[in-house]
Amino acid sequence: LNLLEAWLVQYSYTFQLYFDFSAYSDMAIGLALMFNIVLPINFRSPYKGTSIINLWQRWHITLSRFLGDYVFRSVYRKGSGSTTFYFAIMATFLVSGFWHGAGWTFIVWGGLHGIILCAYRALGDKFTLPKIWGRALATLFFFHLVCQCLDRFGCDTSFHHFVQCFF
């Protein structure tokens, strides 16, 4: 692969993941409605998210809610302090990585997203962009960040070759 092909593969894989997950969620909702069962919405255009927090509020909503209720809130109690808060974020994303697959790449994927989310929370208002071009630029930035951090960890044995194409 050359550099252009590697970028094309990466962005294509990003959209493949989104369309696969969104489609099976929509199919499950539709099939459930045939049996008069109402399932919750699971995706709300996550790639339109303007922050990493916003992306995770839109992506795999039911899993995020489950992990928030049973992992994050089990570790963090209001008033526990910022160290416990960041530890709870990391624990939640490491569990999320393990849930996606028992391989180390998925654990690293969860840890990386946890680090990004912790950094975003720590920076707070320092990370906001001017309102005129901020929303579009933030959406583009976080979409690209997700492409860089999310998708490489789903690769198989050609992962190292794939990463080498970018550098």
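User: Which residues does tryptophan 59 touch, not counting residues up to four places away in sequence?

Analyst: Contact means heavy atoms within 4.5 Å, and on that basis tryptophan 59 touches Leu17, Tyr18, Phe21, Asn42, Phe43, Pro46, Tyr47 and Ser64. This is a predicted model, in which local features need pLDDT of at least 70 and side-chain atom pairs count only at pLDDT 80 or more, while totals for chains, interfaces and linings use all residues. Residues are numbered from 1 along each chain as its sequence is written, and side-chain values use heavy atoms, with hydrogens and water left out.

User: How should I read the largest nonpolar core, and which residues have the most contacts inside it?

Analyst: A nonpolar core is a set of buried Ala, Val, Leu, Ile, Met, Phe, Trp, Tyr and Cys residues joined through side-chain atoms within 4.5 Å, where buried means under 20% relative accessible area (1.4 Å probe, protein chains only). Here the largest one has 25 residues, and those with the most contacts inside it are Tyr47, Ile52, Trp56, Trp59, Phe72, Ile89 and Leu117. The largest share of this core, six residues, comes from H6, helices being DSSP runs (H or I, at least four residues) numbered from the N terminus.

User: At what angle do H3 and H4 pack?

Analyst: Axes are lines fitted to C-alpha atoms, for helices over the stretch in contact, and angles run from 0 to 180 degrees between N-to-C directions. Helix H3 (residues 61-75) and helix H4 (residues 82-100) pack at about 135 degrees, with their axes 9 Å apart. That makes H3 oblique to H4, since angles under 35 degrees count as roughly parallel, over 145 as roughly antiparallel, 65 to 115 as roughly perpendicular and the rest as oblique.

User: How many helices and strands does the chain have?

Analyst: The chain has seven helices and zero strands.

Terms used. Helices (H or I, at least four residues) and strands (E, at least two) are DSSP runs, numbered from the N terminus. Buried means under 20% relative accessible area, exposed over 50%, partly exposed in between (1.4 Å probe, protein chains only).
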